[in-house]
Amino acid sequence: MYKIIACNIFKREIENILDREEIKEVIILEQGLHNTPNKMKEVIQEKIDEIESEDYVEEKYKGIILTYGLCGNGTLGLKTKKLKLIIPKAHDCMTLFLGSKEKYQEAIKQNKAIYWYNHAWIDQVPMPNKENLEILREEYIEKYGEDNGEYLYEMELDTYKKYAYGFFIKSPINNDIRYEKFLIQACKDFGWQYKILEGDLGLLNRILKGEFLEEEVFIFQAGEEVKFS
Amino acid sequence: MDILNDISMNLQKGKKREVLELVEKALSDGIDAKVILEEGLLDGMNIIGGKFKKNEVYIPEVLIAARAMNEGVELLKDELVDKDFEPKGRVVLCTVKGDLHDIGKNLVKMMMEGKGLEVIDLGVDINEKEIVEAIKKYNPDVLGLSALLTTTMGEQKVVIEELEKTGLRDKVKVIVVGAPITESFAKEIGADMYAADASTAAEVALSLVG
């Protein structure tokens, strides 16, 4: 059995892939830790230490699996004392939603000016579209006054206009059309081109089930510090 | 002087209109433009920078304070030019190729300007050739390279290699910044300095030009 530390962005996928008993071994952390990589490292390290402080942990678990990639280098420097640590070979969750790092590389090969969307991101984060920006604008105006609020809103808007593409990763487990519509509308709002990519949960499935392929995961031994070369 | 303190206080709150009125008044009271700049505008910006570093204020507060600072500096520009006021050093700054994140880079710019440095902002998604051209054109003391993604941080290395190839590496100090950047990465790619946040980047830049 493995202990799993997962980002909330994979909540639905995990519930779909693992059975009830396996889910008990999953610790879900809030989405968005990648924005502050140092804090992310602290939070995950704390969870690792908690797990390893349990009695007979080496007999109980074969290792700790993270559903995190580099994620802004928030996994860099993590360390276990007793158990193996398994980390997907991925920059971020897009690789896990797409199904392989090769698919991800292929997608960003031509142009990196891509804003990525999928069902989990749309559900959990106020993803950029006109409507969400309008909400932000009102919040800014309320907090900083009309003049500064408009200024901050314009800066935000300029940021999104620099992107060229909105990519949507279709989920094999959640095909509600409203997510795709959200992306298409956002692309219209910002003048982006859009592309729909097929998602694949095979990679996440293998990792969560403890099927580790050398090309898909890093395995760090107890006492070894996480490093990426 | 009270009016300089008022400028600083209003700037910290991002009150642009008040800052501009006070700067005008200070000038008409005969206060030296350099004093207004350093003890009013830059003082306020430095306080905000310090608070930002300690997480006491957030990005929007810094942005509106910097806006007030920049417009205040505009009012002083003619006076400062007349008096041959020299910035403390020159920085060329950008976000590297393939990376569109500009808020972090803008914060670095604002903090650097708050330290009295001249900053030439090349923008985002700037490749190594464009950077080399800018180094030749502006001859800066410092080059600041920002990367927010693990997919683009390698571009910082590409830029440093390009500087070496073109014989410019010794002419400019390179600071690397961005959320995924670490001190050991900075060393590995041959950067001069690493800064963990925008305020530190400004302090580091100042130390490199001094």
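This is a predicted model: local features need pLDDT of at least 70, side-chain atom pairs count only at pLDDT 80 or more; totals for chains, interfaces and linings use all residues.
Visitor: What is the radius of gyration of chain B, and what does the globule rule give for 210 residues?
Guide: The C-alpha atoms of chain B fill a box of roughly 55 × 35 × 25 Å along the principal axes. For 210 residues the globule rule gives 17 Å, and the value for chain B is close to that, so chain B is as compact as a globular protein of that length. The radius of gyration itself is 18 Å.

Visitor: Which element gives the most to the lining of the second largest pocket?
Guide: The pocket holds about 590 Å³ of space and is lined by 24 residues. Elements giving two or more residues to this lining are α6 (101-109) of chain A together with α7 (154-165) and α8 (183-188) of chain B. The most, three residues, comes from α8(B).

Visitor: Is Gly69(A) buried or exposed?
Guide: Gly69(A) sits in the loop between β3 (63-66) and β4 (84-88) of chain A. Beyond its neighbours within four places in sequence, Gly69(A) is in contact with Thr75(A), Ile87(A), Pro88(A), Ala90(A) and His91(A). Buried means under 20% relative accessible area. Gly69(A) has 1% relative accessibility, so it counts as buried.

Methods: Residues are numbered from 1 along each chain as its sequence is written. Chains are lettered from A and ligands numbered from 1 in the order in which they are written. Side-chain values use heavy atoms; hydrogens and water are left out. On a 1 Å grid over the protein atoms alone, a cavity is a set of points where a 1.4 Å probe fits but cannot get out, and a pocket is an open set with protein on both sides within 12 Å along at least five of seven lines; lining residues have an atom within 4 Å of a point. Grid points are joined across faces, edges and corners, and a volume is the space filled by probe spheres set on the points. Helices (H or I, at least four residues) and strands (E, at least two) are DSSP runs, numbered from the N terminus. Buried means under 20% relative accessible area, exposed over 50%, partly exposed in between (1.4 Å probe, protein chains only). Contact means heavy atoms within 4.5 Å. The radius of gyration is taken over C-alpha atoms; the globule rule is 2.2 Å times the number of residues to the power 0.38.
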